[in-house]
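Please consult the sequence and the structure shown here.

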Amino acid sequence: ENSSFLRKTARSAQIYREAARWIPGGVTANIKYFDPYPIVMDSASGTYLYDVDGNQYIDYNLCYGALILGHGNQSVIDAINQAFARIGTPIFGTPHRLETEMARVLVDMYPGIEKVRFTNSGLEATLLAIRLAMAWTGRKKLAKFEGHYHGSYDQVLISVNPQQRNLERHPVKTLDSLGLPDYYAENIVVLPFNEWDQTEEILHQHRHEIAAVIMEPIQGGFIPPDETFLKRLRELTHQYGMVLIFDEVKTGFRTGLSGAQGIYGVVPDLTALGKVLGGGFPVGAVGGWEEVMELCSPASGVDILTTEQQPPSLGQDQPLFHSGTYNGHPIVLTAGLATIQVLRKPGVYPQLEATTTQLRNGMEEILNRYGIACQTVGVGSIFNLVLSDLPVRRIQDVLESNLTLRRKLDTQLLNQGIFIKPLNRFSLSTAHTPEVIDETLERFELAVKSLVRK
Ligand code: PMP
């Protein structure tokens, strides 16, 4: 059934083979690979991607959710051009005013943020958040949830991809990469998402050793938490003196201007941001309570902390070290600020939700009509299509669905000009108008039809 895919993407195949001679797997990030080869894009505009064979796709990957305004948003491009013309350099290598401007925006919008540091990616943001938590508590273990992704580094590449549904519901510790020595895993405690009793028991067991609990408040950006689960986790981490880190790299500015913490009303100690924040450029940020964030301040003689706020591990000559040549890049922050300015206009998020609902309902209706069990699972402008009618509370429930059929459907979607990474979630942008959704649904139905016919 791949034959029309192979026919339509001959030039992608050729470029892929060339790339694979010089680049392992022909990709610069493992997730960008899929079978039989990834499609090579050539240009983009609004909701559309164009590949090297001249095929057009409606993009629902949107650079893994980063492009909330679609491709080439004019306000963002104008802002970048103006900034570059005004400042005359891509980067100063010194502090500049946009850093303060963006920090204030984040402090205004995120209940859990009083101070901010910028990084160049989501992974660097979670890495810094974890280091801050270790320094603040003086403890050395990290608790993370099974199936939650926080970036491609050693400490958190553990239990990210559970292989099967675990009926016992005991979380399993797995290493998700070659090259991870055991010592990372030894200091990780794995928790089951949305399973309160077990989570409570495990945290209790390790209550003196765990520095932080890190989580995606919405798993994979699409599986919502039980609200009581989040609230209880907030209370218990507080009680045990553990730092609660929300990794809002996917959800930040996606579920609304204040991320998942805004919609669930649960305030973490530290928040990691990325993706949308950079307006399509590499970025990350960590924000949190002033006392914790101040651990990385190198300033002497600035008396910001009062004595009773002094954390246990502070007070020595050396702050927590955080650095990066490109941190707070002016052009990146310009793109991010321009993006947020658009998102702040009234009606933007309701419109995103309306088009997302239109697409979700339409897909479900079509699949139901063809007798295929399905559901869409999501929050705000991100969702996944799960081919089963089991409730989806954890990523393992997705593994129980009909992934074979979903994979075939995804190939047909690519053939019909709907771009997602196979088996991955759908993200929408403000460029996805109701008319684009109608067009998507027509293509979707053709894809489903060709599947049923086979
Ligand atoms: N955390 C989450 C929740 C993410 O979704 C991602 C990226 N998919 C990251 C961290 C890592 O971000 P980056 O790819 O920018 O390093």
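The model is predicted: local features need pLDDT of at least 70, side-chain atom pairs count only at pLDDT 80 or more, and totals for chains, interfaces and linings use all residues. Residues are numbered from 1 along each chain as its sequence is written.

**Overall fold**
- The protein chain holds 16 helices and 14 strands, which are DSSP runs (helices H or I, at least four residues; strands E, at least two) numbered from the N terminus.
- Of its 454 residues, 44% count as buried, meaning that 20 or more other C-beta atoms, placed from the backbone, lie within 10 Å of a residue's own, whereas exposed residues have 12 or fewer.

**Helix H5**
- The 13 residues of helix H5 (residues 97-109) should span 18 Å at 1.5 Å a residue, and the end C-alpha atoms are 19 Å apart, which agrees; the expected span is 1.5 Å times one less than the number of residues.
- Leu98, Met102, Ala103, Val105, Leu106 and Met109 of H5 are buried.
- They cover an arc of only 155° around the axis, so they lie on the same side of H5; the arc is that of the directions from the helix axis to the C-beta atoms.

**Ligand surroundings**
- The ligand is surrounded by 13 residues, the closest being Ser121, Gly122, Leu123, Gly151 and Val249; a residue is near if its C-beta atom, placed from the backbone, lies within 6 Å.
- Helix H6 (residues 122-137) supplies the largest share of this shell, three residues.
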